[in-house]
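I opened my notebook to get to know a structure that was new to me. Here is what I looked up, entry by entry.

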Amino acid sequence: MELRKIPFRRPLKLLFLLLTSMLIATASAAVYYSLVMQPSVTITAAVVAFKEGSDWDGSWSMGTNNTWCRLALKAYPNATLTYDEPLNLTNTGAPVTIRLRTVSISLASGNPQVSNFTFINFTLHDETGVIKGSLNYTTSGTDTWSTPSMGFTAMDASDEWYIAIQTKAAAGAEANIVADIEIAVDVQE
Amino acid sequence: MASELLPEFFALLGIDLFLMLSLLSCLLDDRMPKALPYVYQIAALAGFGHLLVSRNFFTVFGDYMRFWYCFIYLLVSLANIVAVNIYFAAVKKQWTLAKVWFGAVSFPTILISVFFVSDYCYLHGVHFPPFLQIALVVSAVIMGTSFAILLSTKTLRSQSKEEKEVR
């Protein structure tokens with residue numbers, strides 16, 4: 001029996017083509033969907049970055065891409081030393097919320113040398129000078145640091161805020177005692 | 001946020017056009033070569049392979065390269081649609097079928113393709129000049145109107161009457 005003589009040859013051909021078409025179309029759409037859903041990572045500049053303030057000292061270091069910096073600060077015995085605007089924070093992107101967070105402090109509580117310090121205060125000000133938060137490390141003459149924390153605060157796009165720092169050592173404090181404080185800036189986009 | 005078009009969308013559109021061509025050429029198999037539906041199915045399968053390659057080398061091929069090879073695939077499928085149109089008009093001398101094909105297949109597919117390509121270009125910062133956009137809208141209106149007139153019952157009746165008289 002010849003295939004040509006079968007009366008349903010054309011509908012069968014159409015059905016076959018229809019099924020294969022549906023298969024190809026569905027599989028293609030699935031591949032395209034997997035492409036759309038594929039996560040991609042694009043390198044962009046940090047939305048919030050550090051910037052040298054008007055009281056920036058040339059001996060301090062500003063890291064690549066302004067994402068980190070290292071400040072060497074002093075503390076005078078029985079006298080408060082204020083750095084008005086050593087470091088700025090700029091927002092080059094969208095509105096965000098930020099906070100300062102303690103990562104570590106190297107003269108750990110319990111070390112007798114801690115009592116040489118009275119306080120080390122980091123205060124975050126907005127562009128108008130309003131205080132948005134602070135991290136105050138105080139000893140009250142003991143060998144224990146207070147553990148400061150700060151809540152998130154909203155920072156608008158294109159804002160440039162500054163961090164003021166105040167230090168004070170205890171009266172009769174030993175010279176050349178160093179406390180290393182590592183602070184992170186948390187940014188929620 | 002709506003995700004923007006990927007260049008592979010043009011390949012997907014090309015695949016669907018080839019599949020549509022395959023089914024239409026099967027329906028019109030008394031006027032077209034018998035192997036044509038299968039050829040178009042193979043072309044659609046090639047497009048599918050094309051998508052798979054694109055997915056596996058997603059990070060290797062840049063946006064520019066991906067756009068061009070997908071766009072060329074779409075152009076090939078559109079060229080096939082136009083070629084079938086010309087085949088009906090010039091080779092088979094079936095003017096009515098050629099007109100219907102133009103109105104129902106060639107023109108809409110070209111218009112849809114132009115729409116998506118211009119949308120893709122707009123999203124990627126390439127702007128079509130205003131006169132081209134106006135020309136596109138004007139030609140769409142004119143062609144749509146002429147299609148409606150061509151396919152009106154009155155015109156089709158007079159056409160079939162003329163054909164009968166010729167026979």
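This is a predicted model: local features need pLDDT of at least 70, side-chain atom pairs count only at pLDDT 80 or more; totals for chains, interfaces and linings use all residues.

**Entry 1: chain B at a glance**

I began with contacts in chain B: among those between residues at least 6 apart in sequence, 70% join residues at least 24 apart. Here two residues are in contact if their C-beta atoms, placed from the backbone, lie within 7 Å.

Residues are numbered from 1 along each chain as its sequence is written, while chains are lettered from A and ligands numbered from 1 in the order in which they are written.

I then looked up the elements of chain B and found six helices and zero strands. Along the sequence the pattern reads α-α-α-α-α-α. Helices (H or I, at least four residues) and strands (E, at least two) are DSSP runs, numbered from the N terminus.

How much of chain B is buried? Of its 167 residues, buried ones make up 23%. I wrote down the cut-offs: a residue is buried if 20 or more other C-beta atoms lie within 10 Å of its own, exposed if 12 or fewer, and partly exposed in between, with C-beta atoms placed from the backbone.

**Entry 2: confidence**

I checked pLDDT, the predictor's confidence in each residue, from 0 to 100. Chain B averages 82, and 83% of the residues score at least 70. Within chain B, H1(B) has the highest confidence, at 94, and helix H6 (residues 153-166) the lowest, at a mean of 63. For the complex, the predictor gives an ipTM of 0.77 and a pTM of 0.56.

**Entry 3: helix H3 of chain B**

I followed helix H3 (residues 63-91) of chain B, which has 29 residues. From its first C-alpha to its last it reaches 40 Å, close to the 42 Å expected at 1.5 Å a residue. The expected span is 1.5 Å times one less than the number of residues.

Which residues of H3(B) are buried? I listed B:Arg66, B:Cys70, B:Tyr73, B:Leu74, B:Ser77, B:Ile81, B:Val84 and B:Phe88. What covers the buried residues of H3(B) includes helix H1 (8-27), helix H2 (36-56) and helix H4 (95-123) of chain B. After H3(B) comes B:Lys93, with a positive phi near 55°.

**Entry 4: chain A and its helix**

I turned to chain A and found one helix and ten strands. From the N terminus on, they run α-β-β-β-β-β-β-β-β-β-β. Of the 189 residues of chain A, 19% count as buried.

In H1(A), I found A:Leu17, A:Ser21, A:Ile24, A:Ser28 and A:Tyr32 buried. What do the buried residues of H1(A) pack against? They pack against H1 and H2 of chain B.

I also looked at the contact between the chains: 17 residues of chain A are in contact with 22 residues of chain B. The chain A side divides into eleven nonpolar, five polar and one charged. Ala, Val, Leu, Ile, Met, Phe, Trp, Tyr, Cys and Pro count as nonpolar, Asp, Glu, Lys and Arg as charged, and the others, Gly among them, as polar.

**Entry 5: strands of chain A**

I traced an open sheet of five strands in chain A, with the order S1-S4-S9-S6-S7 and antiparallel pairing. Strand S1 (48-52) and strand S7 (131-138) stand at the edges with a single partner strand each, so one side of each is left without a neighbour in the sheet. Two strands pair if DSSP finds at least two bridges between them.

Strand S4 (residues 81-91) and strand S9 (residues 160-169) of chain A run antiparallel and are joined by seven bridges. I spotted A:Asn88 opposite A:Tyr162 in S9(A).

**Entry 6: A:Met155**

I ended on A:Met155, in strand S8 of chain A. A:Met155 is buried, with 25 other C-beta atoms within 10 Å. Strand S5 (residues 96-105) and strand S8 (residues 153-155) of chain A pair in the antiparallel sense over three bridges, and A:Val96 stands opposite A:Met155.
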